[in-house]
Amino acid sequence: MAIVTRLVKDKAVVIFSKSSCCICHSIKTLICSFGANPTVYELDEHPDGKQIEKELKALGCMPCVPAVFIGQELVGGSNEIMSLHLKGKLVPMLIKEGAIWL
């Protein structure tokens, strides 16, 4: 978990993605639509991408992308993010972590 822990440290929102994944693109677009500027790591372009993918799987991410961390905590993948959004809980989380301001 060392690489993932290091990459999410001190960042409000981190998204682990793959550049060819349409679901990843949708989640990135959703979060950015609120004015957030997430740190995005494209695993298929990152030199440690394979190791990061193994760490995400060990954390329970299946599939391993997209994997969204808010406030250094794993929130989950696309299902969890969409569920939070539909329940009106995603924006408050982003505000709480300082990712967006209203």
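A salt bridge is taken here as a side-chain nitrogen of Lys or Arg within 4 Å of a carboxyl oxygen of Asp or Glu, and by that criterion K57 forms a salt bridge with E53, the closest N and O atoms being 3.9 Å apart. The model is a predicted one, in which local features need pLDDT of at least 70 and side-chain atom pairs count only at pLDDT 80 or more, while totals for chains, interfaces and linings use all residues. Residues are numbered from 1 along each chain as its sequence is written, and side-chain values use heavy atoms, with hydrogens and water left out.

**Salt bridges**

- Searching the whole structure gives four salt bridges; in general, side chains of opposite charge can pair when their charged atoms come close.
- K57 and E53 both belong to helix α3, where they sit four residues apart, about one turn of the helix; helices (H or I, at least four residues) and strands (E, at least two) are DSSP runs, numbered from the N terminus.
- E53 also takes part in a salt bridge with K18, for which the closest N and O atoms are 3.3 Å apart.
- Because K18 lies in the loop between β1 and α2 (22-33) whereas E53 lies in helix α3, this pair ties together parts that are 35 residues apart in sequence.
- E53 is buried at a relative accessible area of 14%, whereas K18 is partly exposed at 24% and K57 is partly exposed at 42%; buried means under 20% relative accessible area, exposed over 50%, and partly exposed in between (1.4 Å probe, protein chains only).
- A further salt bridge joins E97 to K96, with the closest N and O atoms 4.0 Å apart; E97 is partly exposed with a relative accessible area of 32%, and K96 is exposed with 70%.
- Through salt bridges that share partners, K18, E53 and K57 are joined into one network.

**Aromatic pairs**

- Two aromatic pairs are found in a search of the whole structure, where rings of Phe, Tyr and Trp (its six-membered ring) pair if their centres lie within 6.5 Å, and planes under 30 degrees apart count as stacked, over 60 as edge-to-face and the rest as tilted.
- F16 and Y41 form a stacked pair, with 5.5 Å centre to centre and 25° between the planes.
- Since F16 lies in strand β1 (residues 13-17) and Y41 in strand β2 (residues 39-42), the pair ties together parts that are 25 residues apart in sequence.
- F16 counts as buried at 0% relative accessibility, and Y41 likewise counts as buried, at 14%.
- F16 and F69 make an edge-to-face pair, with 5.7 Å centre to centre and 80° between the planes.
- With F16 in strand β1 and F69 in strand β3, this second pair ties together parts that are 53 residues apart in sequence, and F69 counts as buried at 5% relative accessibility.

**Surroundings of E42**

- E42 is located in strand β2 and is buried, its relative accessible area being 15%.
- The E42 side chain makes polar contacts with the side chain of S17 at 3.0 Å and with the side chain of K28 at 2.7 Å; a polar contact is a pair of N or O atoms within 3.5 Å, where within protein one must be able to donate a hydrogen and the other to accept it, and residues adjacent in sequence count only if both atoms are side-chain atoms.
- Not counting residues up to four places away in sequence, E42 touches S17, K18, S19 and K28, contact meaning heavy atoms within 4.5 Å.

**Surroundings of I70**

- I70 is part of strand β3 and is buried, with a relative accessible area of 5%.
- Its neighbours within four places in sequence aside, I70 is in contact with A12, V13, V75, L90, M93, L94 and E97.
- I70 and I95, which are 25 residues apart along the chain, have C-alpha atoms separated by 10 Å.

**Nonpolar surface patch**

- M1, L59 and L74 make a nonpolar surface patch of about 240 Å²; patches are made of residues with over 30% relative accessible area and no salt bridge, like charges being joined within 9 Å and nonpolar side chains (Val, Leu, Ile, Met, Phe, Trp, Tyr) within 5 Å.
- Accessible areas come from the Shrake-Rupley method with a 1.4 Å probe, and for residues only the protein chains shown count as cover.
- L59 lies in the loop between α3 (49-58) and β3 (67-70) and is partly exposed, with a relative accessible area of 37%.
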